[in-house]
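Hi there,

I'm passing a structure over to you, as promised.

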Amino acid sequence: MPAAGDVVLLSRAASVQFAARPIRFRVIRRDERQTYHGWCWLDGYELDAAGDAVQRREVFVQLAGLRRLTPR
């Protein structure tokens, strides 16, 4: 389960909306709304190549498709 501060890679495995262009995403929080099993809403920032936030986004993704880029 992603936590605030985690950086994850969002690709096709997380959602088809990222099939053409995967993004790095810094999690601010996980929304507690009821969703389908294995899916969640994440609030956070899309990151550029330097790791700087370029756009705040809310995304609906499959937990199994997330790849953590920051160590715990």
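Here is what turned up, starting with the strands and moving on to the aromatic rings.

First, a caveat: this is a predicted model.

Strand β2 (residues 23-31) has partners in both β1 and β3. With β1 (residues 7-10) the pairing is antiparallel, over four bridges, and Leu-9 stands opposite Arg-24 of β2. With β3 (residues 39-47), β2 also pairs in the antiparallel sense, over seven bridges; here Arg-26 has Tyr-45 as its bridge partner.

The loop between β2 and β3 holds Gly-38. Its C-alpha atom is 5.7 Å from that of Gln-62, although 24 residues separate the two along the chain. Leaving aside residues up to four places away in sequence, Gly-38 touches Val-61, Gln-62 and Leu-63.

Now for the rings. Searching the whole structure gives two aromatic pairs. In one, Trp-39 and Phe-60 have ring centres 5.0 Å apart and planes at 20°, so the pair is stacked. Because Trp-39 belongs to β3 and Phe-60 to β4 (residues 53-62), this pair ties together parts that are 21 residues apart in sequence. Trp-41 and Phe-60 make a tilted pair, with 4.9 Å from centre to centre and 40° between the planes. That pair also links distant parts of the chain, with Trp-41 in β3 and Phe-60 in β4, 19 residues apart. Together, ring pairs join Trp-39, Trp-41 and Phe-60 into a cluster.

Trp-41 is partly exposed at 25% relative accessibility, and the charged end of Arg-33 sits over its ring, 4.5 Å from the centre.

Best wishes

Technical notes:
Residues are numbered from 1 along each chain as its sequence is written. This is a predicted model: local features need pLDDT of at least 70, side-chain atom pairs count only at pLDDT 80 or more; totals for chains, interfaces and linings use all residues. Side-chain values use heavy atoms; hydrogens and water are left out. Two strands pair if DSSP finds at least two bridges between them. Helices (H or I, at least four residues) and strands (E, at least two) are DSSP runs, numbered from the N terminus. Contact means heavy atoms within 4.5 Å. Rings of Phe, Tyr and Trp (its six-membered ring) pair if their centres lie within 6.5 Å; planes under 30 degrees apart count as stacked, over 60 as edge-to-face and the rest as tilted. Buried means under 20% relative accessible area, exposed over 50%, partly exposed in between (1.4 Å probe, protein chains only). A charge sits over a ring if NZ of Lys or CZ of Arg is within 6 Å of the ring centre and within 35 degrees of the ring normal.
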